[in-house]
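Here is a short tour of one protein model, helix by helix. Keep the picture open while you read.

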Amino acid sequence: MATVEERVPCASGMQASAAAFVARVTARNRLPLDYSERSLRLVDFLIDGLRKGGADRARARETLTGLGAYVGEVLVRRAGAAWVDLDAEQRVCFGQPVGVRMPDGRVWNPLGKVLNRFEAGGPEESLQTFYLTLHGRARRAAVRPARPAGL
């Protein structure tokens with residue numbers, strides 16, 4: 001049986017892994033996997049569908065890994081994160097070889113969050129909620145209206 005490290009690319013391959021997953025699952029379906037925060041709700045529904053369909057973790061492994069790569073890539077594109085290869089201690093803690101580092105230095109485990117949603121289900125494991133409550137996100141600069149000249 002392959003180890004987690006053999007199934008998951010290193011940090012430098014995660015963007016391509018996410019893109020390949022999106023291309024594969026959207027080739028036959030019109031799924032709006034557009035790397036937006038809103039699309040994480042669809043990820044929740046897809047994982048719930050796997051659970052309700054009776055898939056076990058081994059059978060769903062490839063899909064769950066793809067969804068984890070996708071969630072991580074949403075964090076990279078929307079929250080200012082960067083993919084990182086985890087050190088030995090982090091690998092033990094997270095059970096994954098890669099994660100994302102947020103602008104404030106915190107490291108998160110999107111692959112593990114997807115597995116938690118699959119195994120536990122329920123609203124407390126929502127990936128959309130995870131994103132919305134995520135600490136360390138880059139804050140977008142507020143767009144301020146132009147001030148009239150002379151004020």
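## How H3 and H4 cross

Keep in mind that this is a predicted model. Let's begin with a pair of helices: H3 passes H4 in a left-handed crossing. By class, 11 nonpolar residues and two polar ones make up this contact, with no charged residues.

So what angle do the two axes make? H3 covers residues 39–52 and H4 covers residues 57–79; their axes cross at roughly 165° and come within 11 Å. An angle over 145° counts as roughly antiparallel, so H3 is roughly antiparallel to H4.

If you want to find the contact on screen, look on the H3 side for Ser39, Leu40, Val43, Leu46, Ile47 and Leu50. On the H4 side, they meet Ala60, Thr63, Leu64, Leu67, Tyr70, Val71 and Val74.

## H2 against H4

H4 has another partner to look at. Helix H2, residues 14–26, packs against H4 at an angle of about 120°, and the two axes are 8 Å apart. Here too the crossing is left-handed.

From H2, the contact takes in Met14, Gln15, Ser17, Ala18, Phe21, Val22 and Arg24. H4 brings Glu62, Thr63, Gly66, Leu67, Ala69, Tyr70, Glu73 and Arg77. Sort the residues of this contact by class and you get seven nonpolar, four polar and four charged.

## A look at Val25

Val25 sits in helix H2. Which residues does Val25 touch, leaving aside its neighbours within four places in sequence? They are Leu31 and Leu33.

Now try Val25 with Thr63. The two are 38 residues apart along the chain, yet their C-alpha atoms are separated by 9.2 Å.

## Tyr35 in the loop

Between H2 and H3 there is a loop, and Tyr35 is found in it. Tyr35 is not a glycine, but it has a positive phi of about 65°.

Is Tyr35 buried or exposed? Its relative accessibility is 9%, so Tyr35 counts as buried.

## The cysteines

How many disulfides turn up in a search of the whole structure? The search finds zero.

Cys10 has a relative accessible area of 41%, so it is partly exposed. Cys93 comes out at 63%, so it counts as exposed.

Key: Residues are numbered from 1 along each chain as its sequence is written. This is a predicted model: local features need pLDDT of at least 70, side-chain atom pairs count only at pLDDT 80 or more; totals for chains, interfaces and linings use all residues. Side-chain values use heavy atoms; hydrogens and water are left out. Axes are lines fitted to C-alpha atoms, for helices over the stretch in contact, and angles run from 0 to 180 degrees between N-to-C directions. Helices (H or I, at least four residues) and strands (E, at least two) are DSSP runs, numbered from the N terminus. Angles under 35 degrees count as roughly parallel, over 145 as roughly antiparallel, 65 to 115 as roughly perpendicular and the rest as oblique. A crossing is left-handed if the near helix is turned anticlockwise from the far one by less than a right angle, and right-handed if clockwise. Contact means heavy atoms within 4.5 Å. Ala, Val, Leu, Ile, Met, Phe, Trp, Tyr, Cys and Pro count as nonpolar, Asp, Glu, Lys and Arg as charged, and the others, Gly among them, as polar. A disulfide is a pair of cysteine sulfur atoms within 2.5 Å. Buried means under 20% relative accessible area, exposed over 50%, partly exposed in between (1.4 Å probe, protein chains only).
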